[in-house]
Amino acid sequence: MIKEIIVVEGRDDTVAVKRALEADTIETGGSAINEMTLRKIALAQERRGVIIFTDPDHAGERIRKIVANRVPGCKHAFLREADATKRGDIGVENASPEVIREALANVRSEVVGEASEAGMTDWEDLLAAGLIIHPEAAARRRVMGEILGIGYCNGKQFYKRMTVFRISREEFAAALAQLEDKGV
């Protein structure tokens, strides 16, 4: 049983999560998340903690951002797009129980702080790694997001995730070495 309440997009996601493990969920009802649902998530965060576990697509990232902005301190679980795609449909409901358990075992916690602290990854690190302002930046961010377990997003959002999830220079360097080994 997972202590935290898992925020998912819909009923099919709840079914998939419960197939993988014992957990309680809150469904956002898709991208039309309403005020009552946000209040329920805030209460869950106060009482038990929350893990945001949305689809690895634009709508899922939008919901993740809305919830994280309204309810600070949430944990985040991410799926690789390839693990959540079935017949062209992307969603948590398409992931196998093993992949769901793995994603929930590797949650990331938000920590508010400055990237300029010693040992933390900064904007210059992303630039030097070709993750921004580079012809292959999007592809490189996709693979790095998978390696680091923080999902895919644009450059600015990637930098923010690196900061709030406190990705150290050492962790970043190890992931970059894996990226280079894959030839991306």
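Predicted model: local features only at pLDDT ≥ 70, side-chain atom pairs only at ≥ 80, totals over all residues.
Student: How many aromatic pairs does the model contain?
Tutor: Rings of Phe, Tyr and Trp pair if their centres lie within 6.5 Å. By this rule, the count of aromatic pairs is two.

Student: Is the pair of F78 and F165 stacked or edge-to-face?
Tutor: The ring centres of F78 and F165 are 6.0 Å apart, and their planes stand at 80°. Planes over 60 degrees apart count as edge-to-face. The pair of F78 and F165 is therefore edge-to-face.

Student: How many residues apart are F78 and F165, and where does each lie?
Tutor: F78 is in the loop between β4 (75-76) and β5 (85-86). F165 is in the loop between α7 (155-164) and α8 (169-181). The pair thus links distant parts of the chain, which are 87 residues apart.

Student: What is the geometry of the pair formed by W123 and Y159?
Tutor: The centres of the W123 and Y159 rings are 5.3 Å apart. Their planes are at 85°, so the geometry is edge-to-face.

Student: Which helices does the pair of W123 and Y159 tie together?
Tutor: The two residues are 36 residues apart in sequence. W123 is partly exposed, at 34% relative accessible area, and Y159 is partly exposed as well, at 26%. W123 belongs to residues 123-128 and Y159 to another helix, so the pair ties together α5 and α7.

Student: Which residue has its charged end over the ring of Y152?
Tutor: A charge may sit over a ring if CZ of Arg is within 6 Å of the ring centre. Here the charged end lies 4.1 Å from the centre of the Y152 ring, and the residue is R142.

Student: Are α6 and α7 roughly parallel or roughly antiparallel?
Tutor: The axes of α6 (residues 137-148) and α7 come within 12 Å and cross at roughly 20°. Angles under 35 degrees count as roughly parallel. The relation of α6 to α7 is therefore roughly parallel.

Student: Which residues of α7 make the contact with α6?
Tutor: The crossing of α6 past α7 is left-handed. On the α6 side, the contact is made by R141, M144, G145 and L148. On the α7 side, it is made by G155, F158 and M162.

Student: What is the relative accessibility of G145?
Tutor: G145 lies in α6. Leaving aside neighbours within four places in sequence, G145 is in contact with I150, G151 and F158. G145 counts as buried, and its relative accessibility is 1%.

Student: Which residues does T14 touch, not counting those up to four places away in sequence?
Tutor: T14 is part of α1 (residues 11-20). T14 is buried, with a relative accessible area of 9%. The residues T14 touches beyond that sequence limit are V8, T25 and E27.

Student: What is phi of I133?
Tutor: Most residues other than glycine have a negative phi. I133, in the loop between α5 and α6, has a positive value. I133 counts as exposed at 77% relative accessibility. Its phi is near 50°.

Student: What is phi of R166?
Tutor: R166 is in the loop between α7 and α8 and counts as partly exposed at 24% relative accessibility. Its phi is positive in a residue other than glycine, with a value near 55°.

Terms used: Residues numbered from 1 in each chain as written. Heavy atoms only, no water. Phe/Tyr/Trp six-rings, centres within 6.5 Å; stacked < 30°, edge-to-face > 60°. Helix = DSSP H or I, 4+ residues; strand = E, 2+ residues; numbered from the N terminus. Buried < 20%, exposed > 50% of the residue type's maximum accessible area, 1.4 Å probe, protein only. Lys NZ or Arg CZ within 6 Å of the ring centre and 35° of its normal. Contact = heavy atoms within 4.5 Å. Axes fitted to C-alpha atoms, helices over the stretch in contact; angles between N-to-C directions. Parallel < 35°, antiparallel > 145°, perpendicular 65-115°, else oblique. Left-handed = near helix turned anticlockwise from the far one by under 90°.
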